Amino acid sequence: MTTDAVAVPDWEMRFRAPRVSLPDWAEDAPDRALFVSNATGTYELYAWDRASGRQRQVTDRPNGTTDGVLTPDGEAVWWFSDTDGDEFGVWMRQPFDGGEDEPAAPGLAPSYPAGLAIGRDGSAVIGRSTDEDGTTIHLVPTPGGEPVEIYRHRESAGVGDLSHDGTLIALEHTEHGDAMHSALRVVRPDGSTVAELDDTEGGTKELGLAVLGFAPVAGDTRLLVGHQRRGRWEPMIWDPVAGTETVLPVDLPGDVGAEWYPDGSALLVEHSFEARSELWRYEPGAPEPVRVETPAGTVSGATARPDGTVEYLWSSAERPPVVRSTSGAVVLDPPGAKAPPSVPVEDAWVEGPGGRIHALVQKPAGEGPFPTIFEIHGGPTWHDSDAFASGPAAWVDHGFAVVRVNYRGSTGYGRAWTDALKHRVGLIELEDIAAVRDWSVASGLADPERLVLAGGSWGGYLTLLGLGTQPDSWALGLAAVPVADYVTAYHDEMEALKAMDRTLLGGTPEEVPERFEASSPLTYVDAVRAPLYISAGVNDPRCPIRQVENYVDRLAARGAVHEVYRYDAGHGSLVVEERIKQVRLELEFALKHLGGGAVVGAPGPEAA
């Protein structure tokens, strides 16, 4: 712990320490960059003139801003303006050097975003999603000009990329009804189709495609795409004009993504395997890729600069994130106190009902068994990795072991592992979590009387479902922004998530009511015995508040031990002090019901 006149615990310092994202740079003005930082205490967008070193804050909103992009000439910043985190809004435009914000496409009504691509001629392709229209995609020919609709479908879709000369637009779509496996369509600005690429064969096969980007060279019609034809994500080059596909000899285990070097001569390959990641360079036509050296841990994003150097955002469970360059320099180092380190992560491999499960473990000092929190990731199509996370580190500081499980449905372990999550949604993941729970007790890591099930979003959903279906397994639950009443959640959530739920469960609540009932935490709420803490954003479009209230009402009706914290934001908060407050409340709740002392540094003003 850090001590001075007013003691500030390490766990709070990790949240408050200034952080920056990997800077994005303008394609035709590479000295102009855009990044996200929490320097003011709220995550906002910042413009950075790398030549002069000047930085300025672009956005300043009570609940923060993280979605933004530079125009190719670097003259303007586009940023997405929603209301208090509800994700429903419009794109705004601000000059790079500062000035008034103006609607970037004033002819488009507010919506959920579905992709954006900006052309060198000032045009833009904007994707929109609404409950009423499904997905619509519009071409805005000039800044502030009248938008022209070029695509419409009830199922989810999005803008992938715009070619260098603006004559080709790549779209991802799920017209076949499978929201987990997109097909690709390349169209002209008038909406006419150039070519299609669909690995689902009309929905009969579960193979996905993803747009990774057009070649950044004038007159080059090659499109880099991700595919799953060999059971995992990997890149290939598709030329929709020539009708050719080029398979790349990038034979690495795990999932592989890529992006172009700025001159189109090579690919920067991002490789994720068993919760770690690394970088490679591949030149089309070469027999194999060449390793780009990075430290062991997780690369959360990378970009190749015009001079050939690579910049990347790196961290490990032990070490805080930093933007590095292959030149050896730290690219962007925010001023202020640095985040204290945590403890390294250890790997655990556990045999489960669907195959070998990978779990990541962090332990406090001393000998177990420890009180143990199972911190379950959201998504579900996501995975925990050897990356720095302030939340788990806070629990370690308070004497808890932390276990994170990459259950079936997680990415990074091949297509079959991700796609195993179908129809018995929630119950499948909990089978894997239960297997790791049993291992944690048998190995002497975890105290079976002090096991906490916790998570946010899909992890919060699994927490509620787990407390109801495995009531003897858990001593306490902490659910943040959860799905609690699956039927109500379906009807209230944003359209893109409705499509995902139809894919996972095989239909709507009216079509497959028995599946929604079996997978809904509300079905099992009366079996919950463990004390339960729930936090929820009142503007959340992903896990809406009404369905959380339905669940809470059922808890209250039978006098179950529970607490609820509601806050004025969406699916999580971008305000640092709000996030600290939420973690403090979770720690207080757990220590009150499990024993183990007080929260380090509590109470603070944020808990009042």
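In what order do the 4 strands of the open sheet that contains S1 follow one another? The order is S1-S2-S3-S4, and the pairing in this open sheet is antiparallel. The structure described here is a predicted model. Strand S1 (24-26) and strand S4 (55-57) are the edge strands of the sheet, each pairing on one side only. From one strand to the next, the twist averages 25 degrees. Within this sheet, S1 is joined to strand S2 (residues 29-37) by 3 bridges, and the two run in the antiparallel sense. Aspartate 24 has leucine 34 in S2 as its bridge partner.

The chain as a whole contains 10 helices and 36 strands. Its radius of gyration is 24 Å, close to the 25 Å given by the globule rule for 608 residues, so the chain is as compact as a globular protein of that length. Along the principal axes, the C-alpha atoms fill a box of roughly 65 × 60 × 50 Å. Of the 608 residues in the chain, 57% are buried. Among contacts with a separation of 6 or more, 52% are between residues 24 or more positions apart. The accessible surface of the chain amounts to about 22900 Å², and carbon and sulfur atoms contribute 50% of that area.

A further open sheet of 4 strands has the order S21-S22-S23-S24, with antiparallel pairing. Here the edges are formed by strand S21 (255-260) and strand S24 (290-292), each of which pairs on one side only. The twist in this sheet averages 30 degrees from one strand to the next. S21 and strand S22 (residues 267-273) run antiparallel and are joined by 6 bridges. One of the residues involved is glutamate 259, whose bridge partner in S22 is leucine 268.

Strand S19 (residues 234-239) and strand S20 (residues 244-247) also run antiparallel, with 4 bridges joining them. Methionine 236 is paired with valine 247 in S20 as its bridge partner. S19 and S20 form a hairpin in which 4 residues lie between the strands. Glycine 243, in the turn of this hairpin, has a positive phi of about 75 degrees.

Several backbone features occur in loops. Most residues other than glycine have a negative phi, and most peptide bonds are trans. Against this background, the bond that joins glycine 368 and proline 369 is a cis peptide bond, with omega at about 5 degrees. Proline 369 is located in the loop between strand S30 (355-362) and strand S31 (370-376). A cis peptide bond also runs from glycine 379 to proline 380, where omega is near 5 degrees. Proline 380 lies in the loop that connects S31 with helix H2 (390-397).

At histidine 423, phi is positive at about 70 degrees. This residue, histidine 423, belongs to the loop between helix H3 (415-419) and helix H4 (427-442). With a relative accessible area of 34%, histidine 423 is partly exposed. Serine 457 likewise has a positive phi, of about 60 degrees, although it is not a glycine. The loop that holds serine 457 lies between strand S33 (446-456) and helix H5 (458-469). The relative accessibility of serine 457 is 19%, and the residue therefore counts as buried, the cut-off being under 20%.

Note on methods: Residues numbered from 1 in each chain as written. Predicted model: local features only at pLDDT ≥ 70, side-chain atom pairs only at ≥ 80, totals over all residues. Heavy atoms only, no water. Pairing = 2+ DSSP bridges. Axes fitted to C-alpha atoms, helices over the stretch in contact; angles between N-to-C directions. Rg over C-alpha atoms; globule rule 2.2 N^0.38 Å. Buried < 20%, exposed > 50% of the residue type's maximum accessible area, 1.4 Å probe, protein only. Contact = heavy atoms within 4.5 Å. Areas by Shrake-Rupley, 256 points an atom, 1.4 Å probe, with all protein chains shown as cover.
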